[in-house]
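Please look at the sequence and the model before reading on.

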Amino acid sequence: MWNQIGIVGTLVVSISLITFGIIGLTVFLERLYKKNAK
Amino acid sequence: MNNLWSRFSNWITSTPVWRAVFRHGYEDTPRNRSFIPFSNVLYHLHPVKIRKGALQIRYSWGMGCISFLLFIILTLTGVLLMFYYVPDTRRAYQDIKDIMAVVSYGDIIRNVHRLSAHGMVFAVWAHMTRVFLTGAYKTPREFNWMIGVVLLALTLVLSWTGYLLPWDQLALWAITVGTKMAAATPFIGVDGPFGPELGMRPDNDVKFMLLGGTEVGQNALLRFYVLHCVVLPLVVAMLLAVHFWRVRKDGFSGPR
Amino acid sequence: MEMKSFEIFPKDPKKTYGLMELVEGKSPIVDKEPEDTVFTWPHLFSIEFLAVLITVAVLLFLSMYVEAPLEQVASTATTPNPMKAPWYFLGLQELLVYFDPWIAGVVLPVIILIGLMLIPFLDVNPKGAGYYTFSERKFAVSVYAFGMGLWLTLLIVGVWFRGLDWNWYWYWEKSYVHKPLLSGLRDIPVIITGVLGVSEFAGKAIADLIMLAYFAGGFIIPVFIFRNFYKRLGLLRYLITMGLFLLMVGVPIKIGLRLVFSIKYIMVTPWFKI
């Protein structure tokens, strides 16, 4: 049972990390350009 | 000595032969700077002038440039490898071993080829991500985006067809798995839904067409070799030409 | 002394324009153009040249230490275990665990490629063209990021978490020891028949209804909750966008059902099973 929880957990963590990672990268770049424009 | 040399070079560069081949000098004038991309068949992919904002790597990431560069490196190393490889199931594996152990720098050439292949898959993916995040597929650049997706698919197919050529266990079974999935295609595969109903048999379905037979053997090796070395690079080159042309026509999307 | 005068632009009574002023400059433009451009030679060419140098140097350096793999000669007699496709296809191969080959190997990749190609036509948001933004394109960037998350996760699992017999192996487990294969997978129609005590036909019908409800709900509900979204897209774009979105979200849902409840098929027909 712990094995299954671990598997599901790995998938959820991985999907979340990558999704929010890409969103975070976009936000970071957006702020970088706003800062330079000002 | 200096005077002699400069007199000699001045004379050489004023001869009709030299002037016929090299039509402009290298003095740093704006006119000459324009000539370099303008009068060179390879360089005139580039515009003569470009917006300063288009040079920002933090906007473009340079991944499109890297992808094209890796494609060229793959072509050059690939041609070198082609001199030592014959797509015959009886000797293909031994040819690879010879390339790695016997041919001078063969191992470096093969390693560069393989690393560039993986690198190109990553670079193409990164390029697509960058274009998406900067919205550079919106009007009027939709067509170029579609060409880009086709290029992505072709990059993966190029990589996959090349995978078979060493004829080792990795190659044979990777292609077996891949063609098994092809046989499961709906309508045109013998194992797919509605396939048998439409007359698909093991000797006339899409897997048979891919392999030139019912199993991964000599025919498959030859087909994948021709696809990998001739057909797909030509198709990719033509699509790349359209892809770059569209960038010139629609303009680079970057900051001002 | 007589000075020969000549006119660069001779005056002509028929012309309504004339030469105003001739200015000598060192470059084709006297002052900065509105667009602030520079010559590609040297500026762009030098950047590209640097990229070429760095890439070639890195490649040559790495190729001395990273050997291209070459296993034993091909033989149809023995199958390597686990049989792994090249890393960029491992996302697809991992999908094979949860879907039949025709879905995982053909339908889903084709839908992914077609979906990618349709993005410019489905994205009606005029903002965000030519610069990085998340705040102005929340839906587009989120959906793309989620799709990437799914794809890369499947890839990562296929590369690092799959071992013998395509079983799940953690990093610390011995990769050469076989593990018991998963058993006891059930189909939803069978479960429904068992739980509700109805006939097999009714079980299948209810399972089909569940699938229908998922798609119907997925199509109809956002029309009312996100009215603006629906209005901006129009019917055709909305249908295509939501269709692709539901298919994409359906993948982790099915994976979850399989991992948590050991469910193999949701919909069973004589011709195909999903």
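How far apart do the C-alpha centres of domain 1 of chain C and domain 2 of chain C lie? They lie 20 Å apart. This is a predicted model, in which local features need pLDDT of at least 70 and side-chain atom pairs count only at pLDDT 80 or more, while totals for chains, interfaces and linings use all residues. Residues are numbered from 1 along each chain as its sequence is written, and chains are lettered from A and ligands numbered from 1 in the order in which they are written.

**The domains of chain C**

- Domain 1 of chain C covers 79-181 and domain 2 covers 182-274; such bounds come from an automatic or database domain assignment.
- Where the two domains meet, domain 1 of chain C contributes 12 residues and domain 2 of chain C contributes 18 residues; two residues are in contact if their C-beta atoms, placed from the backbone, lie within 7 Å.
- On the side of domain 1 of chain C that touches domain 2 of chain C, the elements giving two or more residues are helix 3 (101-122) and helix 4 (138-160) of chain C. Helices (H or I, at least four residues) and strands (E, at least two) are DSSP runs, numbered from the N terminus.
- Helix 3 of chain C provides the largest share of that side, 5 residues.
- That side of domain 1 of chain C consists of 9 nonpolar, 2 polar and 1 charged residues. Here Ala, Val, Leu, Ile, Met, Phe, Trp, Tyr, Cys and Pro count as nonpolar, Asp, Glu, Lys and Arg as charged, and the others, Gly among them, as polar.

**A residue of helix 4 of chain C**

- C:Val159 is found in helix 4 of chain C and is partly exposed, because 13 other C-beta atoms lie within 10 Å. A residue is buried if 20 or more other C-beta atoms lie within 10 Å of its own, exposed if 12 or fewer, and partly exposed in between, with C-beta atoms placed from the backbone.
- Not counting residues up to four places away in sequence, C:Val159 touches C:Trp87 and C:Leu90.

**Chain B against chain C**

- The contact between these chains takes 67 residues from chain B and 58 residues from chain C.
- The side of chain B that touches chain C has 43 nonpolar, 13 polar and 11 charged residues.
- Strand 1 of chain B pairs with strand 1 (residues 37-39) of chain C in the antiparallel sense over 3 bridges; two strands pair if DSSP finds at least two bridges between them.
- B:Lys49 has C:Phe39 as its bridge partner in strand 1 of chain C.

**The nonpolar core**

- The largest nonpolar core has 82 residues, and B:Leu70, B:Met120 and B:Trp167 are among those with the most contacts inside it. Such a core is a set of buried Ala, Val, Leu, Ile, Met, Phe, Trp, Tyr and Cys residues joined through C-beta atoms within 7 Å.
- Helix 7 (residues 106-133) of chain B gives the most to this core, with 12 residues.
- Leaving aside neighbours within four places in sequence, B:Ala174 is in contact with B:Tyr163, C:Ala85 and C:Pro86.

**Chain A**

- Chain A has 1 helix and 0 strands, and 18% of its 38 residues count as buried.
- Its C-alpha atoms fill a box of roughly 55 × 10 × 5 Å, taken along the principal axes.
- The contact of chain A with chain C takes 15 residues from chain A and 18 residues from chain C.
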